[in-house]
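Trainee: Could you walk me through this model before I set anything up with it? I would like to go topic by topic.

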Amino acid sequence: MSDAAPRMMALPVGSIGHKSFGWWGMMTVIMTEASLFAYLLFAYFYFLVHYGHGWIAEKPGLALAAPNTAILLLSSLFVWWAESCAARDRRGAQAVGLAIGVVLGVIFLAIQILEWREKPFTIASTSYGSSYFITTGFHMAHVVVGVLMLAAVLLWSLLGYFDSRRRAPISIAAVYWHFVDLVWLAIFFTFYLTPYIG
């Protein structure tokens, strides 16, 4: 009876290669989300052009934002490293890179929340406050999603699901994380640097 029963085999996780249907699907999501951020940043510059620098409630400090930007960029570097290690079957380094990416992402979120708490304005006090909290809050939501994605592929990496041939989920999480970092650079330039220009 047991010899006649079909053998049960565990299905592999993820597609072969790194640019699967899921990767292209993620690119579509990224284009959609990039459009939303473009609208939010357009709103900032629209108000700035119409009302001048007096519209900005306060010149933002860089004491937290600048190191936080470096932390996010560093996380992107480690995620890129993890992805390149996956392509070379270096599973230990791959897991380490993803774990560091997760930790740095959580640190970024903690510092961002700390900065929010120090703001003398709220989301409802001025149109600048609304623009600031909505844009940075929208970005924080994307960072949370990115951290969860990295944590998931980290767990699967520790379970040995990926190798150099089958690593699409890592590439999908990585491209999303790099997108989140690029968006933050645009936000950092817009909200933190332009008040000091002109």
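Trainee: Which residues does the UniProt annotation "domain: Heme-copper oxidase subunit III family profile" cover?

Mentor: According to UniProt, in an unreviewed entry, that annotation covers residues 24-196; the positions follow the numbering used here, feature names are shortened, and annotations may be inferred rather than shown by experiment. This is a predicted model, where local features need pLDDT of at least 70 and side-chain atom pairs count only at pLDDT 80 or more, while totals for chains, interfaces and linings use all residues. Residues are numbered from 1 along each chain as its sequence is written, and side-chain values use heavy atoms, with hydrogens and water left out.

Trainee: And how much helix and strand is there over residues 24-196?

Mentor: That stretch is 79% helix and 0% strand, with its end C-alpha atoms 39 Å apart. Helices (H or I, at least four residues) and strands (E, at least two) are DSSP runs, numbered from the N terminus.

Trainee: Where does UniProt place the feature "transmembrane region"?

Mentor: The unreviewed entry puts it at residues 21-49, 61-81, 93-114, 134-162 and 174-193. Among them, residues 61-81 are 81% helix and 0% strand with end C-alpha atoms 31 Å apart, and residues 134-162 are 86% helix and 0% strand with end C-alpha atoms 37 Å apart.

Trainee: What about the chain overall, how many helices and strands?

Mentor: The protein chain has 5 helices and 0 strands, and the pattern along the sequence reads α-α-α-α-α. Its radius of gyration is 21 Å, well over the 16 Å that the globule rule gives for 198 residues, so the chain is more spread out than a compact globule; the radius is taken over C-alpha atoms, and the rule is 2.2 Å times the number of residues to the power 0.38. Along the principal axes, the C-alpha atoms fill a box of roughly 80 × 30 × 25 Å.

Trainee: Switching to side chains, how many aromatic pairs are there?

Mentor: The count comes to 27 aromatic pairs, where rings of Phe, Tyr and Trp (its six-membered ring) pair if their centres lie within 6.5 Å, and planes under 30 degrees apart count as stacked, over 60 as edge-to-face and the rest as tilted. One of them joins F37 and F138, whose ring centres are 4.9 Å apart with planes at 40°, so that pair is tilted.

Trainee: Where do F37 and F138 lie?

Mentor: F37 is in helix α1 (residues 21-51) and F138 in helix α4 (residues 127-158), so the pair ties together parts that are 101 residues apart in sequence. F37 is buried at 3% relative accessible area, whereas F138 is partly exposed at 26%; buried means under 20%, exposed over 50% and partly exposed in between, using a 1.4 Å probe and protein chains only.

Trainee: What about F42 and Y46, what sort of pair do they form?

Mentor: That aromatic pair is also tilted, at 6.3 Å centre to centre and 35° between the planes. Both residues lie in helix α1, 4 residues apart, about one turn of the helix; F42 is exposed at 56% relative accessible area, and Y46 is partly exposed at 43%.

Trainee: Last one: is G101 buried or exposed?

Mentor: G101, which lies in helix α3 (residues 91-118), is buried, with 0% relative accessibility. Leaving aside neighbours within four places in sequence, G101 is in contact (heavy atoms within 4.5 Å) with S75, V79, L150 and W177. G101 and S75 are 26 residues apart in sequence, yet 4.6 Å apart in space, C-alpha to C-alpha.
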